[in-house]
Amino acid sequence: IGGDPTNVDNIVVLSGTSGIKLDAENRRLTWDAVDNANGYAVVYTKGEIIVRQVVSDNFATTPDSVTEGDWIVGVKVAGNGTNEIDSPISNLITITKLPIVSNVAFDKGVLTFDKVDGVSNYRIVVSGADEYEKEVEYSTSGVTLTFDSVGEYSVSVYALGDYVTTVDSNAGIVEEIIKLAQIQDLSIYKNVLNWSEMALATGYNVMIGENIYDTDTNSFDLTTVGLEKGVYSVKVKAISDNALILDGEYVSLSNQITVLGAVNDVTIVDNTKFAFDTANVGNASGYRVYYVGNENFDEFFASGDEVKLLTTLPSGDYEIYMVSVGDDQYIVNSKPSASINVNKPVNQSTVTHKSGVITVTATGEYQNYIVSIVHNDVAVYKYVSAPNLATSYEFVDAGEYYISVCVRGDSNTFINSDYSTPIVVTKLNAVTGLKVKDNKVIFEENEIVKNNDFEYEIVFVGTTDKVFTTKETTFEISEELMADTFEV
């Protein structure tokens, strides 16, 4: 209209195709091919919604733009765009696009979703670091998927049509699934495993033998889980509490570990040392004694040394146990031995001294005591028990003697207390320069006697001994004494 037509010779309207149907074997829409066709346009109509799909061959898979519901489908044969005009839509059929799978969820390798009414079979497609697909029957417990490679993934699930009247649904998708890498730099030092911290990991699994332990830090103390004596392999992997983050693979420690055995039958001997059975221990380098009470203490003893009670232990109640200790990187300390419970009593007793007799003043319920007498760093011990809480002692050498007392333990329910604050007893030096001259006893002055206002005792040993005291260093011999013979 509006002018004379030009060059419109040989225009051809193409013939339509036939045989449009759903192909159950290949799970697609198919139709009869047309010779020399330039392609096909598949037209999907649902009410006022029209979706056009261009394909080159005589088959098509329903696109995602075709949503769930009933669609009328037809095919046009495409012209060449010059003298060929597309065929009319021919051979219409009705198909049903299944509903998209809902409530698709992923939790640590298990995929779950809601069942589509009337549909039993589903296709699952895994995309990402590894790619594969599988067809499964619906299960309320979900589908377990495998992810071998480290990286990111997405998972799609489709309800499968029967390709008689229904076609596959669009995909229900879970994205941003991550498979963690292996941990790095696994090592052991002084019974503690260490490794490099990993981003995205919220914790780690430590496998010792067949047992698995959790930790939220990049280290693990092997002595905290009560391992029995033996040889163990050790593995560690990164984990996450995020359902979309998959655990890393285990990494093994380069060597197995050897766990020492605990000592048995721990007892206290003589209130001063420990006795115990080492038959189950193994190659220990020593032992550590732990004291658990209001305050906690520990002390190490090399193997072969006498294991003594801690001398600085404060008074109180204690649970005491021992641990066998190794000195090799891959030898792990034993679990704690069976414990013993003892009390170290508070010492409220005191000592006094008079004329070579040391007396204990006891308080409380205790019956047995040890008196310590120290002179020139050499200690002598005297044992006293109620009711006779006194003991004699001969102070032979001149000098200071430090005397104290402690409650004597029974090596069972309680041990020796601390010693009391010592009293100091001084043995005076012998008088020097003693002589008799001009009817007088003369001797040199003693500084201690002088400074403390003490006295000298002069003894005339004879048929009948005569004893005198004086503060002076010169003593007049009376005529009465001169009439006899004496040793002074």
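This is a predicted model: local features need pLDDT of at least 70, side-chain atom pairs count only at pLDDT 80 or more; totals for chains, interfaces and linings use all residues.

User: How are the rings of Trp31 and Tyr40 arranged?

Analyst: Their ring centres sit 5.5 Å apart with the planes at 65°, so that pair is edge-to-face. Planes over 60 degrees apart count that way.

User: And are those two buried or exposed?

Analyst: Trp31 has 2% relative accessibility, so it counts as buried. Tyr40 is at 4%, so it counts as buried too. The cut-off for buried is under 20%.

User: What about Phe460 and Phe468, how do their rings sit?

Analyst: Edge-to-face again: the centres are 5.7 Å apart and the planes are at 85°. Phe460 is buried, at 2% relative accessibility, whereas Phe468 is partly exposed, with a relative accessible area of 29%.

User: OK, zooming out. How many helices and strands does the chain have?

Analyst: The protein chain has 2 helices and 46 strands.

User: And what are the overall dimensions?

Analyst: Along the principal axes, the C-alpha atoms fill a box of roughly 185 × 50 × 40 Å. The radius of gyration is 51 Å, while a compact globule of 488 residues would have one near 23 Å.

User: How much of the chain is buried, then?

Analyst: 38% of the 488 residues count as buried.

User: What about charges? How many positive and negative ones are there?

Analyst: There are 31 positive and 70 negative charges, and their mean positions are 5 Å apart.

User: Let's pick some single residues. Where is Leu180?

Analyst: Leu180 is in the loop between strand 17 (172–179) and strand 18 (187–189).

User: Is that residue buried or exposed?

Analyst: Buried: Leu180 has 3% relative accessibility.

User: What does Leu180 touch?

Analyst: Leaving out residues up to four places away in sequence, the list includes Val150, Met198, Leu200, Ala238, Ile239, Ile245 and Leu246. Ser240, Asp247 and Gly248 are also among the residues it touches. For a distance, the C-alpha atoms of Leu180 and Gly226 are separated by 30 Å, and those two are 46 residues apart along the chain.

User: Ala238 is in that list. How far is Glu394 from Ala238?

Analyst: They are 74 Å apart in space, C-alpha to C-alpha, and 156 residues apart in sequence. Glu394 lies in the loop between strand 39 (390–392) and strand 40 (399–407). At 63% relative accessibility, Glu394 counts as exposed.

User: Last one: where does Val269 sit, and what does it touch?

Analyst: Val269 is in strand 28, residues 264–269. It touches Ala275 and Ser411, not counting residues up to four places away in sequence. Val269 counts as partly exposed, at 28% relative accessibility. Val269 and Leu309 are 40 residues apart in sequence, and their C-alpha atoms are 9.5 Å apart in space.

Key:
Residues are numbered from 1 along each chain as its sequence is written. Side-chain values use heavy atoms; hydrogens and water are left out. Helices (H or I, at least four residues) and strands (E, at least two) are DSSP runs, numbered from the N terminus. The radius of gyration is taken over C-alpha atoms; the globule rule is 2.2 Å times the number of residues to the power 0.38. Buried means under 20% relative accessible area, exposed over 50%, partly exposed in between (1.4 Å probe, protein chains only). Lys and Arg count as positive and Asp and Glu as negative; His and the chain ends are not counted. The place of a charge is taken as NZ of Lys, CZ of Arg, CG of Asp or CD of Glu. Rings of Phe, Tyr and Trp (its six-membered ring) pair if their centres lie within 6.5 Å; planes under 30 degrees apart count as stacked, over 60 as edge-to-face and the rest as tilted. Contact means heavy atoms within 4.5 Å.
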